[in-house]
Amino acid sequence: MGKDTDIAWCDHTFNPWWGCVKISPGCTRCYAATFDKRVHGKDSEYWKVGGPRRKFGDAHWRQPEKWNRDAAKAGKRARVFCASMADVFEQNDAVTQTRAVLFGLIEATPMLDWLLLTKRPANINRMVPSDWRTHPPVNVWFGTTVESPDYLWRVEALQQTNAVVRFISYEPALADVRWPLDGIHWLIA
């Protein structure tokens, strides 16, 4: 794994936009905001409440289509970690349209398994296309971050989603957690 990324458990990363709002102690040292600051040399507006999100052009959005063709040619599925620099399920009007485009892209790339990790799993069911709630695409994995026992409620919210695969990311690990095991596929990174 990790053809186009240093992340061992995926082949590619794709960001539909950059930016997010910090919502929990796990966000305190957000690697995405830190990386963005390194790139821009200052704190950018992409990480502010109600702020805009950095968008990308057509060439960026065509990359997953190429990965899908390559995976089909190789006869091997590829994994895409989606939104390492954002949260797909953040409530922000600036990304509503782009999120819809992302869901269309996911449906158009059946050889790619899309790993959608969020700190906002309670938003998944109201933000995904309605048919995903009853017939989830086989290439969509929903995951949530849990950094301490205070955020185990996210696992319960994740369990309310209809998904082929659900997973948990335990980072940053801020406290020991006793894990509920029912209905969760574990992705250890």
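Which residues in H3 are buried?

What we have here is a predicted model, where local features need pLDDT of at least 70, side-chain atom pairs count only at pLDDT 80 or more, and totals for chains, interfaces and linings use all residues. Residues are numbered from 1 along each chain as its sequence is written, and side-chain values use heavy atoms, with hydrogens and water left out.

Let's start with the whole chain. There are six helices and five strands; these are DSSP runs numbered from the N terminus, with helices being H or I of at least four residues and strands E of at least two. Reading from the N terminus, the order is β-α-α-β-α-β-α-α-β-α-β. The radius of gyration is 16 Å, close to the 16 Å that the globule rule gives for 189 residues, so the chain is as compact as a globular protein of that length. That radius is taken over C-alpha atoms, and the rule is 2.2 Å times the number of residues to the power 0.38. Buried residues make up 50% of the 189, where buried means under 20% relative accessible area, exposed over 50%, and partly exposed in between, using a 1.4 Å probe and protein chains only.

Now back to helix H3, residues 96-107. In H3, the buried residues are Thr98, Arg99, Leu102, Phe103, Leu105 and Ile106. They cover an arc of only 160° around the axis, which puts them on the same side of H3; the arc is that of the directions from the helix axis to the C-beta atoms. As a reminder, an α-helix has 3.6 residues a turn, so residues three or four places apart point the same way.

Ala94 is partly exposed, at 31% relative accessible area. Its C-alpha is separated by 18 Å from that of Ile23, 71 residues apart along the chain.

Last stop: the largest pocket, with a volume of about 820 Å³. A pocket here, on a 1 Å grid over the protein atoms alone, is an open set of points where a 1.4 Å probe fits, with protein on both sides within 12 Å along at least five of seven lines; lining residues have an atom within 4 Å of a point. The volume is the space filled by probe spheres set on the points, which are joined across faces, edges and corners. Of the 35 lining residues, Tyr31, Phe81, Ala83, Ser84 and Met85 are the closest to the centre. H2 gives the most to the lining, with three residues.
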